[in-house]
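Hi there,

Here is the structure I promised to pass along. Have a look at it first, and then read on for my notes.

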Amino acid sequence: MRKCFTSLSLLFFINIAFTQTSFNYGPTNFDVVKRINVGDQNQSNVFRASNLTSLDGILGSPYRNESFEPGIIYRNNDSVKTYLRYNGLNDEIEISLSKDAYSSTNAVKKSEFISCKIINDFFVYKQYIDENKFKSKGYLIKVYGGEKYNLYVRDKKVFKEGEKAKNSLEHDRPPKFTDKRTFFIQYIPDLPREVKLKYKKISKLIAKEDQTKLSKIKNSHRKINSLDKLISLISNIDK
């Protein structure tokens, strides 16, 4: 009953909040909230806070930020403040009324018209091209926005099954969640493209018109082994 009351309270809060920012929260308008963690979903292979307790000995977390953090949901020019956290395994942003909440029955609806800010990270739901040149959609974190280029990172979580020791000299390996970060360069208005942090790979995604700029700074940016260095390279080309 308490969980039901919390869910209804959250929907009511979101309803009021978005109405105050010119949203019409109803079946005939675009919705910003979807239901999660209810019904048969708890029996599926989807990992949420409510069913993680049944996984004894698991290491790590499927969440990028363990607890709910102050956040903002944007739709076009409207916004509302709430508490959010990113589930990197399910690729969804969960919503809560309280920073101290353990689980949630609501998440932000996935749409390119809706974006979110969690503390200082700006999440956008976009189509992109992965390293295998396939188109996909998911949450990207915008880390640089320029006149001709944008940079994004995708912070996913991967679940790895545990392994039993093969002999007495080894130890069992418990199941765990691991981080998987990928980087994207977008030459506006093209789609963001996944790229390795290697100069040769990055240079292929720089427009022909900017190759001269790239050649002038390549000696000081040959070793791109961090996000900061990637941002430095692209921001110098984007001037």
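Below is what turned up, from the overall picture down to single residues.

Please keep in mind that this is a predicted model. The protein has 239 residues, of which 40% count as buried. Its secondary structure consists of five helices and 11 strands. Among contacts with a separation of 6 or more, 56% are between residues 24 or more positions apart. The accessible surface is about 14100 Å², and carbon and sulfur atoms account for 50% of that.

Most residues other than glycine have a negative phi, and most peptide bonds are trans. Against that background, these spots are worth a look:

- The I188 to P189 peptide bond is cis, with omega near 10°. P189 belongs to the loop between β10 (176–187) and β11 (193–195).
- D91 has a positive phi, near 55°, and is found in the loop between β3 (78–87) and β4 (92–96). With a relative accessible area of 5%, D91 is buried.
- I119 also has a positive phi, near 55°. I119 lies in the loop between β6 (114–118) and β7 and, at 49% relative accessibility, counts as partly exposed.

Terms used: Residues numbered from 1 in each chain as written. Predicted model: local features only at pLDDT ≥ 70, side-chain atom pairs only at ≥ 80, totals over all residues. Heavy atoms only, no water. Helix = DSSP H or I, 4+ residues; strand = E, 2+ residues; numbered from the N terminus. Buried < 20%, exposed > 50% of the residue type's maximum accessible area, 1.4 Å probe, protein only. Contact = heavy atoms within 4.5 Å. Areas by Shrake-Rupley, 256 points an atom, 1.4 Å probe, with all protein chains shown as cover.
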